[in-house]
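I would like to learn how each kind of feature is read before seeing a case of it.

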Amino acid sequence: MISAVQGVLSLFCGAMVGFSLGLVGGGGSVLAVPLMVYVVGVPEPHIAIGSSAIAVATNAAINLANHARGGTVIWPIAALFATAGIVGAFIGSLLGKMVDGQKLLALFALVMMVIAMLMLKTRARIGTPDVKMSMANVPAVVGFGLATGTLSGFFGIGGGFLIVPALMAATGMPIMNAVSSSLVAVTTFGLTTAASYAWSGLVAWDLAGLFIAGGIAGGLAGTRLARHLSERRGALNVVFSVVIAVVALYMLTRSLLHIWS
């Protein structure tokens, strides 16, 4: 049972999560987990991971609908990528529950820093806006989907911060299409991870519901801003990288202080 103060904080934090999903197609669980642990006050990281997976998957589905209305989702590639990642997400979630929660957060923070640097390095790349599914890119889409799904399940995240650069690497699509298409996989991976954690009794349903409610409004605002930034070359890449780096540094600092204390 959560207090009234925790309820208000959950709504506010949920709005931040929804905004990030709408803006960069990621940051859902990456933000939700530390916000649940350090702001709302959920004492057990694994419960925060399980609850965030439910909330993020739902908010990702809502934001996917917003992006789909703008015609930026490349459905065939998104569907194949998500399908390839389902098995990986399930296996990864089983492995993740065997690792200490704080060490898991610290490890993921390091992965995020690497991704932030890679995205900044390629910020000037325009990409191919009319990319299509073909025999040439199917192996890469399947391979990246499987690998990303495994990491997503292991770290207990929807995976947007991993999926967006993976889609760009596999197909050469622009970041706006990758952000939009990534939400198909974020929803799928999040539900797979959530089902595994729910089966283990590691979900706080009232908390997840409040995060979902707050995320609806935040997602609408994030989607509008993403469309605006996509018109400026490299702007969305820079925002994507900065968001990842800031959250990663915060998570790494808090996790290491907890481990060393």
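A: Ala170 is buried, with a relative accessible area of 9%, where buried means under 20% relative accessible area, exposed over 50%, and partly exposed in between (1.4 Å probe, protein chains only). This is a predicted model, in which local features need pLDDT of at least 70 and side-chain atom pairs count only at pLDDT 80 or more, while totals for chains, interfaces and linings use all residues. Residues are numbered from 1 along each chain as its sequence is written, and side-chain values use heavy atoms, with hydrogens and water left out.

Q: In which helix is the place of Ala170, and which residues is Ala170 in contact with, leaving aside its neighbours within four places in sequence?

A: Helices (H or I, at least four residues) and strands (E, at least two) are DSSP runs, numbered from the N terminus, and Ala170 belongs to helix H7, residues 160-171. Contact means heavy atoms within 4.5 Å; with neighbours within four places in sequence left aside, Ala170 is in contact with Asn137, Ala140, Val141 and Phe144. From C-alpha to C-alpha, Ala170 and Phe81 are 9.7 Å apart in space, although 89 residues separate them in sequence.

Q: How is a polar contact read, and which backbone oxygen lies 2.7 Å from a polar atom of the side chain of Ser182?

A: A polar contact is a pair of N or O atoms within 3.5 Å; within protein, one must be able to donate a hydrogen and the other to accept it, and residues adjacent in sequence count only if both atoms are side-chain atoms. For Ser182, which lies in helix H8, a polar side-chain atom is 2.7 Å from the backbone oxygen of Val179. Thr188 is also found in helix H8, residues 175-199, and its side chain reaches the backbone oxygen of Val184 at 2.9 Å.

Q: Is Ser182 buried or exposed, and what does Ser182 touch, not counting residues up to four places away in sequence?

A: Because its relative accessible area is 0%, Ser182 counts as buried. Not counting residues up to four places away in sequence, Ser182 touches Gly25, Ile163, Val164 and Leu167, whereas Thr188, with neighbours within four places left aside, is in contact with Ala82 and Ile86.

Q: How far apart in space are Tyr197 and Gly50, C-alpha to C-alpha?

A: A separation in sequence and a distance in space are read side by side. Tyr197 and Gly50 are 147 residues apart in sequence and 5.1 Å apart in space, C-alpha to C-alpha. The place of Tyr197 is in helix H8, and Tyr197 is buried, with a relative accessible area of 0%. Among the residues that Tyr197 touches, not counting those up to four places away in sequence, are His46, Ile49, Gly50 and Ser93. Ala185, also placed in helix H8, counts as buried at 1% relative accessibility, and its C-alpha is 7.9 Å from that of Thr83, 102 residues away in sequence.

Q: Which residues touch the most other members of the largest nonpolar core?

A: A nonpolar core is a set of buried Ala, Val, Leu, Ile, Met, Phe, Trp, Tyr and Cys residues joined through side-chain atoms within 4.5 Å. The largest one has 79 residues, of which Met112, Phe211 and Phe240 touch the most other members. Eleven residues of this core come from H8, which is the largest share. Not counting residues up to four places away in sequence, Met112 touches Val30, Phe161, Ile244, Val247, Ala248 and Met251.

Q: Is Val111 buried, partly exposed or exposed?

A: Val111, which lies in helix H5, counts as partly exposed because its relative accessibility is 24%. Val111 touches Phe155 and Leu162, not counting residues up to four places away in sequence.

Q: Where is Met98 found, and is Met98 buried or exposed?

A: Met98 is found in the loop between H4 and helix H5 (101-121), and at 67% relative accessibility Met98 counts as exposed.
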